[in-house]
Amino acid sequence: MSIQVRNVSKAFDGHPVLRDVSLDVAGGSLVALLGPSGCGKTTLLRVICGLEAPDTGEVLHAGGSVAAKSARERNVGLVFQHYALFRHMTVFENVAFALRVRKRPRAEVRARVEELLRLVQLEGLG
Amino acid sequence: MSAPRVTEDARWVRWTLTGTTLAFLALFVLLPTAAVFHEALSQGWRVFALALVDPDALSAVKLTLLTAAIAVPLNTAFGLAAAWCVTRFRFPGRNVLVTLIDLPFGVSPVISGMMIVLLFGTKGLLGPWLAAHGLRVVFAVPGIVIATVFVTFPFVAREIIPFLEAQGTEEEEAAHVLGASGWQLFLRVTLPNAKWPILYGVILCNARAMGEFGAVSVVSGHVRGVTNTIPLHVEILHGEYQFAAAFAVASLLVLLAGVTLVVKRAAEWKTHAALSATRAAMREQR
Amino acid sequence: MAMRRPSESVLPGFGLSMGITVAYLGLVVLIPLSTIFLRSSSLGWSGFWQVVTSPRALASYRLSFGASLLAAAANLVFGVLVAWVLVRYRFPLRSLADAVVDLPFALPTAVSGIALTAVYSRTGVLGGPLERLGLQVAFAPPGVLVALVFIGLPFVVRSVQPVLQELDREMEEAAAVLGATRWQTVRRVVVPEVVPAALTGFALAFARALGEYGSVVFISGNMPLRTEITPLLIMTKLEQFDYAGATALAAVMLVVSFVLLLALNRLQAWTRARAGMA
């Protein structure tokens, strides 16, 4: 899925964080945003993912505007700065969460979680 | 035109929940409180004023003030000692001590009063000794004071202990290294730092001391003009169907509650600010 | 800041502060408490048993226990609701609402008692309409329930509020990004975090309600076998100088309180442990 950011600006309490930012990310590519702390990297990610709404400009996923879609509907995966792990859930339940809220069948959930845990060599915790 | 933030509830949810909350609080809490003033003035201002300057009412006020004036400082001193002991040192039995401090909260006030009677009453443990020395505790003022002290003693300790626990010992250790004696560092470092939680505990202790009913009711003997606190006086008036007078005197206590709440919020806010500052400072050091 | 044992601690004052604390506790708490068990033992086992299982006593347990449980449950539901609204939403009167929550705690129990009676009696602003609908509140068991809900309200709210405030929004955002609906997020992510604090508040409200005297004795009418709570029964026995009987009942109440206190401590430790698992 490609991502386009067109002339996005975002200010918090009058402080501009993103000023007329545009970005083109081709589908399947790997892009790194580098910059000193406070330069807006996290804010840009949150705008792309839908947790913040831009003051001006728009965000396109696969060519279509996602302005009307909430973060839930955009199907974007975001890794949070402080991990945002669900403390009251086990490792298995944390990984399974996204599948469970989509009401996937139990067997499918189990298979997928175990596959992912194997990928990161945490199979013992499943 | 964008979708609402994902961590916000839908508007109808917000409105329903807020409305229910406000209705619940208004109906359950505000209404009875307002009823006190409504009933107090139901027979006009004159009856209201007369009830307040009635000699029995005035002596009830005096007794209440006296009781608080003794109970609050005593319990504050205890609270400070207990907090120092429990938060600055680790020793076996520390948890038991902390639990014991909380004990009066779990005991019904009637039972608290009863214990005083069992100890100091004429048929009590110390009864004969007291009688021999011509001292009366139960059904007299000393009993009321003791009962109040018992019931309110955790209040100050409970507020100071978590605060001192969270503050840590660094400043006191620094003072110690700089040559301060125990009392000096307590008076110059610990106390000033803890002044807001102390105030918070004191105001709660005071509110409870002035408003205590159950325990004092058992111990007092209900002698008009002598062993009645304000709450007991209210009970007597209410029992005699002098409703307007009862509510008039009760309104004094409602005003006290109002003052308590105002001071409480200010002290709470300041305590929180002090703790945040400490936490921020600690983070800087890492 | 490592806490060291008294022998290793740098700070002075252990002896003095410990001495004062223990002396005060012993004098003010332990000695009075022990007199209760001492005195009730004078009845002997069969006498003790007779008193604590008399029909009047049993009726009072049912009322005290049942009404306290119901009231605490009601406060659990409404308390969590109020805490949520106060922490999460912005609306006019929010500060006032927050202050009002503390009123039942700050008001003397006798004042609450007569105020509630005035409101819910037959001539009261709520009692009148309710009675016309067939529900008698004052001088009937529902009155006891109302009074206990009133005094227990702050406990759940004030237990849950700090937890809700500290809750990291990132977890709710993460759940949303992973595809959870708002309701799913609340149910699976927020509620489990709040449960320990809510249960603590419930236990506190329950313990308070069990021993409550002042706010209940005015509105209940104190009819034996019908609206007589256990603390009142104790009071009545005291007035009749039946000290042994009163202490027997008090001993029962104390044992129950003690069990509750233990459970509460466990709950609070569990809460703290969960909060520490960051």
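Is C:Phe139 buried or exposed? I began my notebook with that residue, and since this is a predicted model, everything below describes a prediction.

**Entry 1: C:Phe139**

I counted 21 other C-beta atoms within 10 Å of C:Phe139, so the residue is buried. I then looked up its place in the chain and found C:Phe139 in the loop between helix H7 (127-132) and helix H8 (141-166) of chain C. I also checked its backbone: C:Phe139 is not a glycine, yet its phi is positive, about 65°.

**Entry 2: chain C as a whole**

I stepped back to take in the chain around that loop. I find 13 helices and zero strands in chain C. Its C-alpha trace spans about 70 × 65 × 30 Å along the principal axes. Of the 278 residues in chain C, 50% are buried. I also looked at contacts between residues at least 6 apart in the sequence of chain C, and 77% of them join residues at least 24 apart.

**Entry 3: where chain B meets chain C**

How many residues of chain B are in contact with chain C? I get 78 residues of chain B, in contact with 76 residues of chain C. On the chain B side, helix H1 (residues 11-40) gives the largest share, with 17 residues. I sorted the chain B side by residue type and noted 50 nonpolar, 16 polar and twelve charged residues.

**Entry 4: nonpolar cores**

I went looking for the largest nonpolar core and found one of 168 residues, in which B:Met114 and B:Val249 have the most contacts. Leaving aside residues up to four places away in sequence, B:Met114 touches B:Val218 along with C:Ile234, C:Leu238, C:Ala246 and C:Ala250. Another core, of 25 residues, lies apart from that one and includes A:Leu18, A:Phe97, B:Val6 and C:Ala174.

**Entry 5: helix H13 of chain B**

Why do I call helix H13 (residues 230-239) of chain B largely enclosed by the rest of the structure? Eight of its ten residues are buried, so the rest of the structure largely encloses this helix. I listed the buried ones in H13(B): B:Ile230, B:Pro231, B:Leu232, B:His233, B:Val234, B:Glu235, B:Leu237 and B:His238. Just after H13(B) comes B:Tyr241, with a positive phi of about 65°.

**Entry 6: the sheet in chain A**

I turned to chain A, where the domain assignment gives domain 1 (3-65) and domain 2 (91-125). Taken over C-alpha atoms, the centres of these two domains of chain A are 30 Å apart.

I traced an open sheet of four strands in chain A, in the order S2-S1-S3-S4 and with antiparallel pairing. Strand S2 (15-25) and strand S4 (64-65) of chain A are at the edges with a single partner strand each, so one side of each has no neighbour in the sheet. Strand S1 (residues 3-12) and strand S3 (residues 56-61) of chain A run antiparallel and are joined by five bridges. Opposite A:Ile3, I find A:His61 in S3(A). Across S1, S2 and S3 of chain A lies helix H1 (residues 41-49), running at about 120° to S1(A).

**Entry 7: A:Asp20**

My last stop was A:Asp20, in strand S2 of chain A. Its phi is near 50°, positive in a residue other than glycine. Is A:Asp20 buried or exposed? I count 11 C-beta neighbours inside 10 Å, so A:Asp20 is exposed, whereas C:Phe139, where I began, is buried.

How values were computed: Residues numbered from 1 in each chain as written. Chains lettered and ligands numbered in written order. Predicted model: local features only at pLDDT ≥ 70, side-chain atom pairs only at ≥ 80, totals over all residues. Helix = DSSP H or I, 4+ residues; strand = E, 2+ residues; numbered from the N terminus. Buried ≥ 20, exposed ≤ 12 C-beta atoms within 10 Å, placed from the backbone. Contact = placed C-beta atoms within 7 Å. Domains from an automatic or database assignment. Core = buried A, V, L, I, M, F, W, Y, C linked by C-beta atoms within 7 Å. Pairing = 2+ DSSP bridges. Axes fitted to C-alpha atoms, helices over the stretch in contact; angles between N-to-C directions. Nonpolar A, V, L, I, M, F, W, Y, C, P; charged D, E, K, R; others polar.
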